[in-house]
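Please keep the sequence and the 3D view open while reading.

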Amino acid sequence: MSEHDPHTETHGAPASVAPETRAPEPAEDTLDLPFEPMELKMGPSHPATHGTVRILLKLDGERIVESEVEVGYLHRGFEKECESGLYYQAFPYTDRLNYVSPMINNVGYALACEKLFAIDVPERCKYLRVIASEVSRMSDHYTCLGACSLELGAFTAFLYAVEAREHVWDIHDHLCGARVTTNYVRIGGVSVDVGREFPAFVRDKLAQAAKLQQDLEDLLLANPIFRERMEKTGLLSKEQLVALGVTGPLLRAAGVPYDIRRAQPYLVYDRVDFDVPVGELGDNLDRFLVRIEELKQSRRIVEQCLDQMPPGPVDVNDPKVRLAGKGRVFNRMEELIAQFKLVTEGPTPPVGEVYLAVEGGNGELGFYLVSDGTGKPYKCRARSPSFSNTQALSPMIQGALLADVIPTFDMINMIGGECDR
Amino acid sequence: MPEAPTAPTGEAAGVSETGDATARHPVLRRLADAFGSAIIATDDFRGDATAIVDRGALIAMCRFLRDDPDASFDLLVDVTAVDYLGRSPRFEIVYHLYSVEKNHRLRLKVPVEESDPSVASVVDVWPGANWLERETWDLYGIRFDGHPGLKRIYLYEEFEGHPLRKDYPKERRQPIIGPGAVHRDPMNDDLRK
């Protein structure tokens with residue numbers, strides 16, 4: 001997929017890391033004066049370094065000769081906290097990983113737990129989880145596109161993206177009661193089923209968001225300032241990206257079609273039709289376009305899931321793992337005991353370890369769980385796509401202009417909660 | 001699709017006998033053929049191909065896994081450690097690998113002793129290991145020999161200790177740092193006194 005203006009010159013990916021020269025050559029009669037690179041500290045309290053990150057820059061005029069990215073300003077000890085609680089107590093912490101796509105974190109963690117426990121959830125639950133994941137992905141992408149346009153100076157486009165995100169958050173709210181900190185998924189199910197009005201509600205919301213997205217595209221994609229800032233900036237070859245461990249829209253924009261929903265499908269992704277948008281050059285414009293297209297594909301997935309979702313239970317019928325309804329708990333001994341044990345000791349898996357990855361908004365979101373046979377995870381690691389992607393920022397801006405840092409950092413979409421955990 | 005549960009493997013997670021797992025995973029077979037005795041054990045609990053390998057063979061094994069056309073593990077997904085406090089060897093460094101071309105995964109585990117918690121850095125094999133190894137150093141205290149700049153990544157330099165170790169209590173307080181810092185005990189801090 002390539003939506004570049006056919007009238008611009010053809011571009012091939014440069015072999016070196018640095019993008020092509022932009023500054024004009026100095027005139028013949030200039031003096032070569034001695035200089036020192038200027039050190040500039042960008043962040044952590046900078047309007048463009050959202051998610052709090054610090055970029056230490058050494059500049060030669062406008063050109064970056066050296067850069068160092070410092071993360072960790074939002075490190076809250078996710079792993080340590082998870083180790084001190086039961087498996088189901090980790091769900092609110094997972095909300096706060098990639099906090100703009102909270103359902104994907106919930107779903108990923110629940111799937112990892114279910115792999116460890118070896119349980120399979122009912123069909124309706126799978127469809128609901130996919131709908132929740134895709135809706136969250138849309139929230140993540142709207143945030144990314146909106147923030148990028150804001151920082152390039154397009155305030156109106158930002159507000160359109162935020163309004164579109166509000167429609168998406170209304171869907172979150174309908175599913176679980178919260179717009180952002182959703183805590184929707186449970187081990188063996190979801191917290192609550194949806195009502196009969198849900199499909200029509202979601203379709204309406206997505207249609208409204210799509211209209212706003214169309215406005216966003218019309219405002220930005222043909223705008224020469226936007227194109228100038230985004231085209232051919234932040235380049236890195238696909239081999240370099242893979243070697244750095246980059247995944248997600250960043251990698252797909254560079255031409256590598258790695259999407260876990262397609263490569264190692266989970267839930268019902270193998271039953272719905274969707275395309276995986278892949279870019280050509282991997283510059284910031286390609287990353288922007290990949291996300292635009294993914295938003296459309298997410299809507300497509302949600303529509304199909306709404307059509308295909310069967311009636312039935314949303315929780316696995318295993319009182320040792322998922323709370324049985326109060327009707328059974330109050331009337332049957334086994335469920336009563338199981339409820340007590342579940343709440344006090346938590347569900348207990350066998351000894352072992354699993355790794356399960358889902359496609360997060362930014363790439364491969366993996367959970368590595370080590371179990372010692374008790375109700376508390378011995379280790380609960382979140383493999384963060386933002387962390388690995390942010391590592392690529394320094395190579396991407398090497399030799400670039402200072403102004404190129406902004407669209408590059410925005411398109412990496414570093415989410416502080418996920419990067420720093 | 002989760003498989004049927006397998007039998008628990010003893011007090012430490014993941015350590016089991018060789019044999020079965022290599023039959024089910026060609027990658028493990030390939031690794032065992034090339035490195036023989038450096039493979040301490042293999043496992044595939046819940047279908048995750050895992051190899052527990054000797055520390056000395058790590059770099060050679062990583063290069064092989066990246067460059068061998070049947071393995072082709074070009075993407076280093078994750079580097080982390082697990083602290084099995086009370087067991088010897090205490091730590092296990094865990095590498096998760098993925099091949100974009102072949103679409104298969106592998107987990108490598110390297111046991112290291114508490115007395116010498118270090119392992120060779122794989123930065124030269126996968127540059128993406130840079131930050132991941134820094135994180136493991138920061139939170140677990142595992143040194144990665146050959147790393148171009150092994151310093152903390154999440155925590156500040158004056159932080160004392162490695163918090164994800166099992167003997168670091170979650171509630172431990174750190175000394176106050178910074179210019180003009182006067183250390184006050186937060187548990188015993190009554191301004192009226």
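Helices (H or I, at least four residues) and strands (E, at least two) are DSSP runs, numbered from the N terminus. By that rule B:Ser118 belongs to strand 6 (residues 118–120) of chain B. The model is predicted: local features need pLDDT of at least 70, side-chain atom pairs count only at pLDDT 80 or more, and totals for chains, interfaces and linings use all residues. Residues are numbered from 1 along each chain as its sequence is written, while chains are lettered from A and ligands numbered from 1 in the order in which they are written.

**The site around B:Ser118**

A residue is buried if 20 or more other C-beta atoms lie within 10 Å of its own, exposed if 12 or fewer, and partly exposed in between, with C-beta atoms placed from the backbone. B:Ser118 counts as partly exposed because it has 16 C-beta neighbours inside 10 Å. Two residues are in contact if their C-beta atoms, placed from the backbone, lie within 7 Å. Leaving aside neighbours within four places in sequence, B:Ser118 is in contact with B:Val112, B:Ile142, B:Arg143 and B:Asp145. B:Asp145 is 27 residues away from B:Ser118 along the chain, yet their C-alpha atoms are separated by 6.9 Å.

**Strand pairing**

Two strands pair if DSSP finds at least two bridges between them.

| Strands | Bridges | Residue pair |
|---|---|---|
| Strand 3 and strand 4 (residues 91–98), chain B | Eight bridges | B:Asp78 and B:His96 |

In chain B, an open sheet of five strands has the order 1-2-5-4-3, with mixed pairing. Its edge strands, each pairing on one side only, are strand 1 (39–43) and strand 3 of chain B. On average, neighbouring strands of this sheet are turned by 20° against each other, direction ignored. Helix 4 of chain B lies across strand 3 and strand 4 of chain B and runs at about 10° to strand 3. For such angles, axes are lines fitted to C-alpha atoms, for helices over the stretch in contact, and angles run from 0 to 180 degrees between N-to-C directions.

**Where the chains meet**

33 residues of chain B are in contact with 41 residues of chain A. On the chain B side, the elements giving two or more residues are strand 3 (75–83) and helix 4 (129–140). Strand 3 of chain B supplies the largest share, six residues. This side of chain B divides into 19 nonpolar, seven polar and seven charged residues. Here Ala, Val, Leu, Ile, Met, Phe, Trp, Tyr, Cys and Pro count as nonpolar, Asp, Glu, Lys and Arg as charged, and the others, Gly among them, as polar.

**Core and domains**

A nonpolar core is a set of buried Ala, Val, Leu, Ile, Met, Phe, Trp, Tyr and Cys residues joined through C-beta atoms within 7 Å. The largest has 165 residues, and those with the most contacts inside it are A:Ala112, A:Cys113, A:Leu241, A:Leu369 and B:Leu97. Helix 4 (residues 123–151) of chain A gives the largest share of this core, 14 residues. Beyond four places in sequence, the contacts of A:Leu241 include A:Val246, A:Leu250 and A:Ala392.

Domain bounds come from an automatic or database domain assignment. For chain A this gives domain 1 (78–118 + 121–315 + 350–420) and domain 2 (319–344). Taken over C-alpha atoms, the centres of these domains are 34 Å apart.
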